Amino acid sequence: MTQKTTKTNNQLPITEETILHYLEGNLSDEAMHAFEEEMESSAFLREAIEGLETFTDKKALRASVKQLQKQLRRRTEHTRKKRYQLFQQHQFQNIILIVALLLLIFLGVVVVHFLKLHPLLK
């Protein structure tokens with residue numbers, strides 16, 4: 001079986017094997033604690049684990065874990081794309097803001113310079 005991983009906000013890799021080991025109670029105390037922390041922060045993972053705990057057939061369990069892993073990857077990929085699009089929008093707005101500010105500063109310098117050189121205003 002290939003190891004497919006999904007990294008979440010805490011950078012904890014959630015693999016099919018990790019989920020299966022958690023369900024079987026074969027994780028170390030540290031890994032168990034990290035996994036449970038991740039379940040607290042992810043409603044999707046928490047609900048998936050609750051559903052998987054009802055399985056008695058190991059083959060059906062492994063197939064369901066694979067399917068959930070695909071769904072989780074799809075959800076996180078969609079979120080990542082959405083976040084990148086928002087970043088692009090804000091980046092464009094920031095560039096426009098910076099150009100506008102630089103233009104105002106330039107115009108201010110020109111006006112001050114003009115006022116200093118104009119003989120009637122001395």
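Predicted model: local features only at pLDDT ≥ 70, side-chain atom pairs only at ≥ 80, totals over all residues.

Me: How many cavities of 30 Å³ or more does the structure hold?
Reply: Rolling a probe the size of a water molecule over the atoms shows where empty space is left. The largest cavity found has a volume of about 40 Å³. With the limit set at 30 Å³ or more, the count for the structure is one.

Me: Which element gives the largest share of the lining of the largest cavity?
Reply: Let's begin with the residues that line the largest cavity: Ile19, Phe44, Leu45, Ala48, Val65, Leu68, Gln69 and Leu72. Two elements, H3 and H4, each give two or more residues to this lining. The largest share is four residues, and the element they come from is H4.

Me: How many residues in the lining of the largest cavity are polar?
Reply: Sort the lining by class. Charged residues are absent, and seven residues are nonpolar. The number of polar residues is one.

Me: Which element gives the largest share of the largest nonpolar core?
Reply: The largest nonpolar core has 17 residues, and Ile19, Tyr22, Phe35, Leu45 and Ile49 touch the most other members. Two or more core residues come from each of helix H1 (16–24), helix H2 (29–41), helix H3 (43–52) and helix H4 (58–117). The largest share is five residues, given by H3.

Me: Is tyrosine 84 buried or exposed?
Reply: Tyrosine 84 and phenylalanine 87 both lie in helix H4, three residues apart, about one turn of the helix. Their rings form a tilted aromatic pair, 6.5 Å centre to centre with 35 degrees between the planes. The relative accessible area of tyrosine 84 is 52%. Exposed means over 50%, so tyrosine 84 is exposed.

Me: What pattern does the chain follow along the sequence?
Reply: Now step back to the whole chain. Its secondary structure comes to four helices and two strands. Read along the sequence, they give the pattern β-β-α-α-α-α.

How values were computed. Residues numbered from 1 in each chain as written. Heavy atoms only, no water. Core = buried A, V, L, I, M, F, W, Y, C linked by side-chain atoms within 4.5 Å. Buried < 20%, exposed > 50% of the residue type's maximum accessible area, 1.4 Å probe, protein only. 1 Å grid on protein atoms, 1.4 Å probe; cavity = no way out; pocket = protein on both sides within 12 Å on 5 of 7 lines; lining within 4 Å. Points joined across faces, edges and corners; volume = space filled by probe spheres on them. Nonpolar A, V, L, I, M, F, W, Y, C, P; charged D, E, K, R; others polar. Phe/Tyr/Trp six-rings, centres within 6.5 Å; stacked < 30°, edge-to-face > 60°.
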